[in-house]
Amino acid sequence: AIAYWSTDDPYFVTPGSTAARARVKALLTANPQNLRVPWSLLRGPRVPALGRLGEIKLPPLIVIGAEDVPDVHAHSGAIQAGIAGARRVVVRGAGHLVHMEQPEEFNRLALEFLSAAISPRPSP
């Protein structure tokens, strides 16, 4: 399983991200218990979230890797469409682990988003 997630899967970490692949391998080797998925996560939510996305009042930043699986792109598009003001950014040169493959870009996006969220807004 460690070899699969750190070497074989082309979406989890892109093939060209050698440092990120090595980091994933080291993390999973040091923490093999993280390879076991709790049953509760496999079952999914009791009430599907898609129809309730409109209840979210704070717009999220959705960051996905350009090389992630098509399902993740579809899901992130549905989340963006379902939450008013949501912003989706696709980062080149990354798969599922954007924060590990493109850490500078991920940090820039996150800090920009958080800075805008805490900036004082003019009163209406």
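Predicted model: local features only at pLDDT ≥ 70, side-chain atom pairs only at ≥ 80, totals over all residues.
User: Which residues of H4 are buried, and how are they placed around the axis of the helix?

Analyst: Buried means under 20% relative accessible area. In H4 that holds for Val72, Ser76 and Gly77. Seen down the axis of H4, the buried residues fall within an arc of 135 degrees, so they line one face of the helix.

User: Which exposed residues sit on the face of H4 turned away from its buried side?

Analyst: Exposed takes over 50% relative accessible area. The face turned away from the buried side of H4 carries four names that qualify: Pro70, Asp71, His75 and Ala81.

User: Is Gln80 buried, exposed or partly exposed?

Analyst: Gln80 lies in helix H4. Its relative accessible area is 28%. Buried needs under 20% and exposed over 50%, so a value in between has its own class. Gln80 is partly exposed.

User: What distance separates the C-alpha atoms of Gln80 and Arg108?

Analyst: Along the chain, Gln80 and Arg108 are 28 residues apart.

User: Which residues are closest to the centre of the largest pocket?

Analyst: The largest pocket has a volume of about 300 Å³. It is lined by 14 residues. The closest to its centre are Trp5, Phe12, Leu28, Asn34 and Leu35.

User: What is the make-up of that lining by class, and which element gives the largest share?

Analyst: By class, the lining of the largest pocket has 11 nonpolar, two polar and one charged residues. The largest share from an element is three residues. That share comes from helix H2, residues 18-30.

User: What pattern does the protein follow along the sequence?

Analyst: The protein has six helices and two strands. Its C-alpha atoms fill a box of roughly 55 × 35 × 25 Å along the principal axes. Buried residues make up 23% of the 124 residues. Read along the sequence, the pattern is α-α-α-β-α-β-α-α.

User: Which element has the lowest mean pLDDT?

Analyst: The protein averages a pLDDT of 90, and 92% of the residues score at least 70. Among the elements, strand S2 (residues 87-91) has the highest mean, 98. The lowest mean, 68, belongs to residues 39-43, helix H3.

Conventions
Residues numbered from 1 in each chain as written. Heavy atoms only, no water. pLDDT = per-residue confidence, 0-100. 1 Å grid on protein atoms, 1.4 Å probe; cavity = no way out; pocket = protein on both sides within 12 Å on 5 of 7 lines; lining within 4 Å. Points joined across faces, edges and corners; volume = space filled by probe spheres on them. Nonpolar A, V, L, I, M, F, W, Y, C, P; charged D, E, K, R; others polar. Buried < 20%, exposed > 50% of the residue type's maximum accessible area, 1.4 Å probe, protein only. Arc of directions from axis to C-beta.
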